[in-house]
Amino acid sequence: MTPAAGAPVVRARGVTVARGGAEVVRDADLEVAAGEVVVLLGPNGAGKSTLLAAIAGLLPLAGGTIERRGRVAAALQAPALANRTAAANVEAALAWWGVPRAQRAERARAALRTIGARGLADRPARTLSGGEARRVHLARALALEADALLLDEPFAGLDAPTRADLLYDAASALRDARRATLVVVHDRAEAWALADRVMVMLDGRIASSGTPASVFGDPPSPQVAAFVGFVGRLEEPHAVRLFRPQDVTLDPDGPLRARVTRLVPTEDGVRVEVALDAGHLVALVPVPGPRLGEEVRVRLLGGVRFARDRVERA
Amino acid sequence: MEFIWDGLKQAVDLLAHGDHDILVVVETTLQVAFWSTILALALGLPAGLALGLGRFRGRRVGLAVANSGMGLPPVVVGLVVALLLFRGAPLGELNLLYTLKGVIVAQTLLALPLVAALTAAAVQAVPTGLLEQARAFGASRAQVAGLALREARVGVLAATIAAMGSAFAEVGAVVLVGGNIEGETQTLASAVLVRVSAGDYGRAIALGTILLGLIMILAAGLTFAQQHERRGPLGRAS
């Protein structure tokens, strides 16, 4: 039976997973409901892929429980395709999933069309580029129409334009009221594009969970703040304030005085690092930007504050 | 050199005139090669899959046994099988000694390690990510095995060629187990041995030429299939 929209399809409680004798995932709680896209975000080695594999039933649990309502399909990180055409690869996945032969060809073509890969259907897998292979990989995962779909780094290893194209296509293709979707990524832009809810995983634990706006704009801990891009830091008597580049602007009438310590050209302008008596900040400004060593005035537009002892423990 | 040329001409004459004795030997040889290859594949493919992809204690020992089995001396295998099939021996009641079935059994034992070891090596070369992905999409064990064999088909066909070639060329086990009985268990290779022993080099060369021709035709057919597969068939999912 297909779970109703909003009903939890996958529920992990206190999940611990060990690999090679070491606990890679510790006490993780996670829930994904039908119709929801949850993004699991974290740095390399945080345990994201291990947690996904455990939820898929591919790894044994060292502790905790995982409940699954319906069938769960996992598209692993490597887009490993068999030596046959793209369409035949999708059909093979449908055969493994137990779809009757008569339905496979049509469902395969439909899935390829959904992800913008209709033109690849008759191409041998060995002739596909990295981006095309990832599209076919995603298509065969979508074709299964699983109750829960787990995607491990679906955009890994792609050049920026290819990744952007696939990301935008995937963002719409993954919207399905019947399906619970969990996507592992390590890029904030991908999380913004895909997620209804973001879970940040650090050092094997779920460190934060919420909407992209809340997790990225108001992180609950200094560790999460550092991971989601709060790179500026100002000391206060009993607290530390952390800032993203978008929280900082160079303004001749700004209240704070600072000195430019580093300039890095970017696609959109210049990344400016400035030093203040109380710390350092980073701002993004249009070209040409200030000169190295120049005195500038700074205005702060946001930021998060943490008690000093919390930051020092981090 | 003239007797070699005479031998070749004799081979053409024997085949062209449909020499009954030759046709019987050819038929026996084909039966031994066909059935021993089929049996070796039936037993060796699952064994090769288990040794190549399985996770069980003793897998490495099994692989070592299969690999060393590729170099089994046919005479020793023939001797062991013959001893086991003698009347009063553990398998004597099967009455397989000096029969075509006995020859097929001995030849299967020789071809089995070839198929198992070469299949294990071929499936181990299949990207593990592909097989793991199949499992993650719900593939059963049999489906994963089928996928591995399909992806390793070039290596599996090499194993088939090796098994068939061994069946055509083998003499020692055939003679010891089958008795090299003309019209019953004598194959082309063992017939060549008899002719050479009798000093009938012309007929020996004729038989050898026919044997070589058969091996080349069948091996060429399998090689063609193998290389066609290597270029990659564009088939549908199975």
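Colleague: What percentage of the residues of chain B count as buried?

Modeller: This is a predicted model, in which local features need pLDDT of at least 70 and side-chain atom pairs count only at pLDDT 80 or more, while totals for chains, interfaces and linings use all residues. Residues are numbered from 1 along each chain as its sequence is written, with chains lettered from A and ligands numbered from 1 in the order in which they are written. A residue is called buried if 20 or more other C-beta atoms, placed from the backbone, lie within 10 Å of its own, exposed if 12 or fewer do, and partly exposed in between. Of the 238 residues of chain B, the share that counts as buried is 41%.

Colleague: How many helices and how many strands are there in chain B?

Modeller: Helices (H or I, at least four residues) and strands (E, at least two) are DSSP runs, numbered from the N terminus. Read from the N terminus on, the elements of chain B run α-α-α-α-α-α-α-α-α-α-α, and the C-alpha atoms fill a box of roughly 65 × 50 × 25 Å along the principal axes. The count for chain B is eleven helices and zero strands.

Colleague: Are H3(B) and H5(B) roughly parallel, roughly antiparallel, roughly perpendicular or oblique to each other?

Modeller: Axes are lines fitted to C-alpha atoms, for helices over the stretch in contact, and angles run from 0 to 180 degrees between N-to-C directions. Helix H3 (residues 59-69) and helix H5 (residues 100-124) of chain B pack at about 125°, with axes 8 Å apart. Angles under 35 degrees count as roughly parallel, over 145 as roughly antiparallel, 65 to 115 as roughly perpendicular and the rest as oblique. H3(B) and H5(B) are therefore oblique.

Colleague: Which residues of H5(B) does H3(B) meet?

Modeller: Two residues are in contact if their C-beta atoms, placed from the backbone, lie within 7 Å. From H3(B) come Leu63(B), Ala66(B), Asn67(B) and Gly69(B), and these meet, in H5(B), Pro113(B), Ala116(B), Ala117(B) and Ala120(B).

Colleague: Which element supplies the largest share of the side of chain A that touches chain B?

Modeller: Here 23 residues of chain A are in contact with 19 residues of chain B. Strand E5 (72-75) and H2 of chain A each supply at least two residues of that side. The largest share, seven residues, comes from H2(A).

Colleague: What is the angle at which H4(A) and H5(A) pack?

Modeller: H4(A) and H5(A) are roughly parallel to each other. The axes of H4(A) and helix H5 (residues 160-173) of chain A lie 10 Å apart, and the angle is about 10°.
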